[in-house]
Amino acid sequence: MTFQGQPAIDLTELAKTAMRERDLLTEFSSDVQKAADQAPEAISFPPSTKDARQLLWCSIDNDDSRDLDQLTYAESLDEGRFRIFIAIADVDERVPKNSLVDRHAQYNTVSVYTPTKVFSMLPERFSTDLTSLNEGQDRLAIVVEVEVNADGSLGAHTLYQALVYNHAKLAYNSVAAWLDGTEPMPNKIGEVAGMEAQLRLQDQITTLLKQYRHYHGALTLETLEPQAVVQNHRIVDIKIAKKNRARDLIEDFMIAANTSTAIFLKNRELPSFRRIVRVPKRWDRIVEIAKELGEKLPDEPDSKALDLFLIKRRSLDPLHFPDLSLTIIKLLGNGEYIVEYPNDMPIGHFGLALRDYTHSTAPNRRYPDLITQRILKSALENKSLPYPSKELEKLAKHCTIKEDEAEKVERKMRKSAAILLLYSKFGEVFDAIVTGASVKGTWVRILHPPVEGKLVKGYEHKDVGDQIRVKLTNLDIENGFIDFVRVH
């Protein structure tokens, strides 16, 4: 069997079908859209709201991002300390609990990103306009202000409602290339007095934050994130979104915000909507993989020892480090949402080596962040808790399920996009790594293009992390199936 060229497939319609199969809404109802369209431009805000528009806030996100959830700012203190500020879009002010728009958002719980269309959690009138921290606009936000000690540990924090102003909308890749010295400074940085120094300061603080977290066991991981390149509704390439200094900057500032928010709620004796990653059940396989590479890990789960192993492997074999990272991520298991009460023993986030962690920094894209924002605002405004315990616990299970379903849709659509590029490679042999092994089947990922598929023959005695050679034997774009057989 041979394939010639790309078939005439509408990936957007295929994505809608995949969404419906996972019980995810693909459109906003007319009532929801009408409510969004009629939302007023101006709104009132609490008298306690601070005016923080004079700070040199900026956003850093993907080149094509239009739903801007956070801004960052930093300043130096004495004795080698710093203070960082993270402004998070106040979505709740525009999307009240149990409103028409809120009920739609609660159904899907996340924005779903597919190659040709983003299925937004909120109507664009909100997510890309009224609740987006857009450049050159006054916006309401929740500000998380955190002191960073000289060793990179987090110190005192405070949270408050504020009016903010995005002075520069920036993008990861161009900011990272400038920080690395490989490309000129983006024009927008030079157009705002003081922004260059501000970003270099944030980059400096990021190094401290990262060093401290990894000293205490946060894992050094580097995965390959394939993104389809679409031109004139056709898939022309798959590029890899790699970690860089700008992505690290935002990641570390957001981790600080999420940690501080969780601690703030616990100190106020309020329940919190936690994002946890449990101690890995397959630690024995992680130990086995390390042994195969000539390293020894403890018999019991130890995130710090695992991170030291990962750092060493990244140095010794940077080419294959993303494969090792993917293997470890698969063996760590999925994250989940739970409700944690003030007197509970924290389960924590194994991968980040944090006892206190919540999702709070992307309320335009994730419903759990909006839940956290409402609990937080009830504390800031001295109002009653917006959610009873039973409702929170039900929502935690619902959000975990829906987020998993959304990830399956995104994964399927990445495969469907990749299949369009694989038609000309049918029957070819590739180097691959085993990325999943269970009673449901064995999965492998090839490197060029970076695509995952099912190993339908020759999977006996193969486990996560094994490197093998495979032949491409079947492509099914409607179902997102890519099948390989092992070759010797």
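Colleague: How much area do domain 1 and domain 2 bury between them?

Modeller: This is a predicted model, where local features need pLDDT of at least 70, side-chain atom pairs count only at pLDDT 80 or more, and totals for chains, interfaces and linings use all residues. Residues are numbered from 1 along each chain as its sequence is written, and side-chain values use heavy atoms, with hydrogens and water left out. An automatic or database domain assignment gives domain 1 (22–278 + 336–417) and domain 2 (426–487). Buried area is the accessible area (1.4 Å probe) that two parts lose on being put together, summed over both; 62% of it here is on carbon and sulfur atoms, and the total is about 750 Å².

Colleague: How many salt bridges are there between domain 1 and domain 2?

Modeller: Happy to go through it! A salt bridge needs a side-chain nitrogen of Lys or Arg within 4 Å of a carboxyl oxygen of Asp or Glu. Between domain 1 and domain 2, the count is zero.

Colleague: Which element gives the most to the side of domain 1 that touches domain 2?

Modeller: Helices (H or I, at least four residues) and strands (E, at least two) are DSSP runs, numbered from the N terminus. Strand 11 (234–241) and helix 13 (389–422) each supply at least two residues of that side. With four residues, the top contributor is helix 13.

Colleague: How are the rings of Tyr73 and Phe85 arranged: stacked, edge-to-face or tilted?

Modeller: Rings of Phe, Tyr and Trp (its six-membered ring) pair if their centres lie within 6.5 Å; planes under 30 degrees apart are stacked, over 60 edge-to-face, the rest tilted. The structure holds six aromatic pairs. For Tyr73 and Phe85 the centres are 5.3 Å apart and the planes at 55 degrees, so the pair is tilted.
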